[in-house]
Amino acid sequence: MFDELAKYKNNGHFFFERGQILSQVCNAPEKAGVYYILQLRKGKLQLVYIGASGTINQKGEFSNQLLKGRINNKQDGVKRQHFFEEIMVQKNIDAFDIYWFVTFDEKHQHIPTYVEALLLQKHFEIYGCLPELNKKF
């Protein structure tokens with residue numbers, strides 16, 4: 001769905017399952033980029049969230065959380081560890097598959113929120129809505 005991400009060679013993903021510690025299974029680096037989250041439920045994958053990390057200031061410096069920190073931070077005011085566990089129980093989700101892409105490095109200087117906006121726009125064009133856990137943009 002996101003061919004735009006193929007150019008970002010510094011990328012990866014990891015699974016988060018109930019009972020695991022998110023900060024231990026997260027293999028994302030402390031670099032600026034984007035990520036998306038798929039839920040695995042009853043053998044089916046569904047995109048549920050698109051996010052970005054790293055706030056860039058006027059001088060071109062990143063002053064906020066980078067990928068690892070952002071993925072492990074909060075969602076809806078709750079630590080992601082607990083947020084994910086609650087959602088997994090409520091919706092009977094087997095696991096989350098979290099993909100990350102470094103968009104700002106020596107090769108590419110693509111501001112993460114710009115790339116996030118492109119991905120959200122593409123999702124909106126296809127489905128007419130944002131992913132389930134993206135409440136607004």
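**Cores and overall fold**

The largest nonpolar core comprises 21 residues, and Ile37, Ile71, Phe84, Phe96 and Trp100 have the most contacts inside it. A nonpolar core here is a set of buried Ala, Val, Leu, Ile, Met, Phe, Trp, Tyr and Cys residues joined through side-chain atoms within 4.5 Å; buried means under 20% relative accessible area, with a 1.4 Å probe and protein chains only. At least two residues of this core come from each of β1 (11-17), β2 (33-41), β3 (44-53), α2 (67-71), α3 (80-91) and β6 (95-102). A second, separate core has 13 residues, including Phe2, Leu5, Tyr36 and Phe101.

This is a predicted model: local features need pLDDT of at least 70, side-chain atom pairs count only at pLDDT 80 or more, and totals for chains, interfaces and linings use all residues. Residues are numbered from 1 along each chain as its sequence is written, and side-chain values use heavy atoms, leaving out hydrogens and water.

Leaving aside residues up to four places away in sequence, Phe96 touches residues including Phe14, Ile37, Val48, Phe84 and Met88, where contact means heavy atoms within 4.5 Å.

The chain has 4 helices and 6 strands, taken as DSSP runs (H or I, at least four residues, for helices; E, at least two, for strands) and numbered from the N terminus. Their order along the sequence is β-α-β-β-α-β-β-α-β-α. The C-alpha trace spans about 45 × 35 × 25 Å along its principal axes. Of the 137 residues, 43% count as buried. Among contacts with a separation of 6 or more, 68% join residues 24 or more positions apart.

Notes: Buried means under 20% relative accessible area, exposed over 50%, partly exposed in between (1.4 Å probe, protein chains only).
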